[in-house]
Amino acid sequence: MQHPSIPQTQSSTLTARQQAIVPISAFAAAGAIDQLKTALEQGLSAGLSVNEIKEVLVQLYAYAGFPRSLNALGALMQVLQSRQQRGIADAPGNLPSRAAPQGDALLAAGTANQTRLSGGPVKGALFDFAPAVDEYLKTHLFGDIFERDNLDWHSRELATLGMLAALEGADSQLQSHMRISLNVGLTSAQLQQVAAVLQERVGAGEAQRARQALERHLATQQKH
């Protein structure tokens, strides 16, 4: 059954709204607040709702830490205040339609989400070595965050790609999320467009990391 957070239909190219998520998440992860404010303005003008952007910036904590997430949310507050003073009324957007499960139910939901996103159960020596991080991934990231259904999984993955492309040394995670993005229905052409958006709006280094991660994943797929 289709997960409610996976869009049922898609275009062969990213929408303006989807494209806007990429620089927002990249600049937020890098802590580039001035550039982030510009990207936030562009995202709101492209049709992102306030709550959709909040979701992206809350999700950021799982990839770049609470300091970056909190600073980015503070920048969003400033942008919204400025726009309100200029007479711009931004759409608030939806809140999650359901409360996150708790306890064992949260772990079960997060495990199911992680399995669906990854295309199979996620195991490995690292998680055996540090089982706490495995539990945190399942409960906090894939449970608490990915269970929030007011931002679809395409958008969450686009945000993750932008964040990871902005972080040096996260190449293996970026490649993994190229695979996950394809698993949830984004196309290789759309992922190439992510790199193009990074090149145009963020920077050459971020774009190169995205392109190389996609190329490595596609090369691995061809071998199989």
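Is arginine 83 buried or exposed? At 4% relative accessibility, arginine 83 counts as buried, where buried means under 20% relative accessible area, exposed over 50% and partly exposed in between, with a 1.4 Å probe and protein chains only. The model is predicted, so that local features need pLDDT of at least 70 and side-chain atom pairs count only at pLDDT 80 or more, while totals for chains, interfaces and linings use all residues. Residues are numbered from 1 along each chain as its sequence is written, and side-chain values use heavy atoms, with hydrogens and water left out.

**Salt bridges**
- The count comes to nine salt bridges, each being a side-chain nitrogen of Lys or Arg within 4 Å of a carboxyl oxygen of Asp or Glu.
- Arginine 83 pairs with aspartate 90, the closest N and O atoms being 2.7 Å apart.
- Arginine 86, partly exposed at 47% relative accessibility, forms a salt bridge with glutamate 41 at 3.2 Å between the closest N and O atoms.
- That pair links distant parts of the chain, 45 residues apart, with arginine 86 in the loop between α5 (66–85) and α6 (103–118) and glutamate 41 in helix α2 (residues 33–45); helices are DSSP runs of H or I with at least four residues, numbered from the N terminus.
- Glu41, Arg83, Arg86 and Asp90 are linked in a network of salt bridges.

**Arginine 98 and glutamate 147**
- These two side chains meet in a salt bridge at 3.6 Å, N to O.
- Arginine 98 is partly exposed at 33% relative accessibility, whereas glutamate 147 is buried at 13%.

**Glutamine 190**
- Glutamine 190 lies in helix α11 (residues 188–201) and is buried at 2% relative accessibility.

Note on methods: Helix = DSSP H or I, 4+ residues; strand = E, 2+ residues; numbered from the N terminus.
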